[in-house]
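Subject: Structure handover

Hello,

Here is the structure for your set-up work. My notes follow below it.

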Amino acid sequence: MILVAGGNLRMMEDAAWSLFRAGHVPVLGEWFAWPLVAADAASPPAERAFEEIFQPVAERLLAKCDAVLSVDGPAADVDALLTMARARGLRVFFNVDDALAG
């Protein structure tokens with residue numbers, strides 16, 4: 001599985017589609033986090049939702065993935081995730097072609 005991270009959901013989903021067509025299982029933290037946010041009847045404010053749901057979901061997914069593909073350039077939250085990925089010995093890619101090449 002390859003975790004796709006970035007700040008632009010459309011770019012992330014495009015990258016996921018390319019990975020899927022090539023035989024990989026891409027995942028986005030947003031695919032898991034949004035239903036959790038929606039299911040919370042007392043939804044936290046947006047800034048808390050990120051801290052309490054989005055980032056923990058991404059970190060938990062990271063533990064199950066083989067690599068990370070970062071799209072859409074640097075961002076503080078993505079950079080923190082990439083640091084964790086590298087610390088766990090995961091491969092980190094910055095474009096689909098490199099991810100596909102392995």
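In helix H2 (residues 29-39), Gly29, Glu30, Ala33 and Val37 are buried, meaning under 20% relative accessible area with a 1.4 Å probe and protein chains only; exposed means over 50%, and partly exposed lies in between. These residues lie on the same side of H2, because they cover an arc of only 75 degrees around the axis. That arc is taken from the directions from the helix axis to the C-beta atoms. Ala38 and Ala39, on the other side of H2, are exposed. Helices (H or I, at least four residues) and strands (E, at least two) are DSSP runs, numbered from the N terminus.

A word on the source. This is a predicted model: local features need pLDDT of at least 70, side-chain atom pairs count only at pLDDT 80 or more, and totals for chains, interfaces and linings use all residues. Residues are numbered from 1 along each chain as its sequence is written, and side-chain values use heavy atoms, with hydrogens and water left out.

Next, the sheet. It is open, with 4 strands in the order S2-S1-S3-S4 and parallel pairing. Two strands pair if DSSP finds at least two bridges between them. Strand S2 (26-27) and strand S4 (91-93) are the edges, each pairing on one side only. S4 pairs with strand S3 (residues 67-70) over 3 bridges. Leu69 stands opposite Phe93 in S4. Helix H4 (residues 76-87) lies across strand S1 (2-5), S3 and S4, at about 155 degrees to S3. Axes are lines fitted to C-alpha atoms, for helices over the stretch in contact (heavy atoms within 4.5 Å). Angles run from 0 to 180 degrees between N-to-C directions.

Now the cores. A nonpolar core is a set of buried Ala, Val, Leu, Ile, Met, Phe, Trp, Tyr and Cys residues joined through side-chain atoms within 4.5 Å. The largest has 19 residues, and Leu3, Leu62, Val68, Leu81 and Ala85 have the most contacts inside it. S1, H2, helix H3 (46-62) and H4 each give two or more residues to this core. H3 supplies the largest share, 6 residues. A second, separate core of 13 residues includes Val4, Ala67, Val71 and Ala99.

Last, charges. The count is 1 salt bridge, defined as a side-chain nitrogen of Lys or Arg within 4 Å of a carboxyl oxygen of Asp or Glu. Arg10 and Asp14 form it, at 3.2 Å, N to O. They are 4 residues apart in helix H1 (residues 9-21), so about one helical turn separates them. Arg10 is exposed at 55%; Asp14 is partly exposed at 39%.

Best wishes
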